[in-house]
Amino acid sequence: MAATRILVIKHGALGDFIQALGPFRAIRAHHLGSEIVLLTTPPFAELARATGCFDDIWLDERLPVWRLDALLALRAKLRSAGFARVYDLQTSARSSFYLRLFDPAHRPEWSGIARGASHRHDNPDRTRMHSVERQAEQLGLAGIAHVPSPDVTFLTGDIRRFGLAATYALLVPGGSAHRTGKRWPAGQFIELADRLAGRQIEPVLLGAADEADLLTRIAEACPAAQNLAGETSLGDVAALARHAFAAVGNDTGPMHVIAAAGCRSVVLFSDASDPKLCAPVGRDVRILRRVPLASLSVDEVAAMLEPNSRN
């Protein structure tokens, strides 16, 4: 395709962003020689730069719509940029509205779900498709035939500082603070950590700084576990995953990084989210779903850690 200026819209969250890595690469390959700009939110700017897919990163603070100053500033920026095509991978009401910010007489080609889009993804079943399949179909309608799987080889970290045992497993017990139904109880994680330690597999606890209390509780109950709450970058998480025996975690962002890195991953789902729509993608991903999630036994999870097991 001829060199031109392209805009990609993807706000987040982490799991969604990881599942957009394949589309990012596909867009980059389709528009060789073009300038590609990503419109995203501040938490994902560094990750976006690390992909190498974008020439520039624009930050969208997603301020309230009544902030007309911000809306007019974004409109002016979009209209003056000279974009020939926009790939809306967020496909939200907000990102679709951005099509209306362009001059109606000089609107770029638009891949997304917005009314008036030149390459509209209007499949009535799109909301019942896994996000990876949905994005691939959307890009196919825009002429991009091949969309690769998520690839996190660009994420690296020096994990020697953690002094890990030769064999270790990653445990990710956290998740969205306002969706506690997505979390397997801490007591079950403690029992699983004890079982791993009994097999000479070091349990390694991963989580953000705001999950420190939860991870500390598990680590105090299982002294063999190493607590890395708030100590790992996404690069560290990917590096840890590449060398781990396996990983067990809730439906949360870091599990998408871990799965994409190729680690054997057991991902725990409740009825708060549907793995058919958003399960992590990787070489060896096993899904366990129970309602309520607390009814999922440690025996079932432990059995999924064996190399020949399948869900």
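Q: Which residues does D274 touch, not counting residues up to four places away in sequence?

A: Contact here means heavy atoms within 4.5 Å. By that rule, D274 touches F269, A279 and R289. Before going on, please note that this is a predicted model, where local features need pLDDT of at least 70, side-chain atom pairs count only at pLDDT 80 or more, and totals for chains, interfaces and linings use all residues. Residues are numbered from 1 along each chain as its sequence is written, and side-chain values use heavy atoms, with hydrogens and water left out.

Q: Where does D274 lie, and what does its side chain reach?

A: Elements come from DSSP runs numbered from the N terminus: helices are H or I runs of at least four residues, and strands are E runs of at least two. D274 lies in the loop between β11 (265–269) and α11 (275–278). Its side chain reaches the backbone nitrogen of K276 at 2.9 Å. Such a polar contact is a pair of N or O atoms within 3.5 Å; within protein, one must be able to donate a hydrogen and the other to accept it, and residues adjacent in sequence count only if both atoms are side-chain atoms.

Q: Is D274 buried, exposed or partly exposed?

A: Buried means under 20% relative accessible area, exposed means over 50%, and partly exposed is in between, using a 1.4 Å probe and protein chains only. With a relative accessible area of 25%, D274 is partly exposed.

Q: How does H11 compare on that scale, and what is its relative accessible area?

A: H11 has a relative accessible area of 2%, so it is buried. Its place is in the loop between β1 and α1. The H11 side chain makes a polar contact with the side chain of D60 at 3.0 Å. Leaving out residues up to four places away in sequence, H11 touches several others, including L39, F44, D60, R62 and Y98.

Q: Which residues does a cis peptide bond join?

A: A13 sits in the loop between β1 (5–9) and α1 (14–19). Another joins V291 and P292, with omega about -5 degrees. P292 lies in the loop between β12 (285–289) and α12 (298–303). Coming back to D274, P292 is 18 residues from it in sequence and 13 Å away in space, C-alpha to C-alpha.

Q: At what angle do α9 and α10 pack?

A: Axes are lines fitted to C-alpha atoms, for helices over the stretch in contact, and angles run from 0 to 180 degrees between N-to-C directions. Helix α9 (residues 234–243) packs at about 45 degrees to helix α10 (residues 253–260), and their axes are 8 Å apart. That makes α9 oblique to α10: angles under 35 degrees count as roughly parallel, over 145 as roughly antiparallel, 65 to 115 as roughly perpendicular and the rest as oblique.

Q: Which residues meet in that contact?

A: L234, V237, A238 and A241 in α9 meet P254, V257 and I258 in α10. By class, the contact has seven nonpolar, no polar and no charged residues. Here Ala, Val, Leu, Ile, Met, Phe, Trp, Tyr, Cys and Pro count as nonpolar, Asp, Glu, Lys and Arg as charged, and the others, Gly among them, as polar.

Q: Why is α10 largely enclosed by the rest of the structure?

A: Seven of its eight residues are buried, so α10 is largely enclosed. The buried residues include M255, H256 and V257. After α10 comes G262, whose phi is positive, near 100 degrees.
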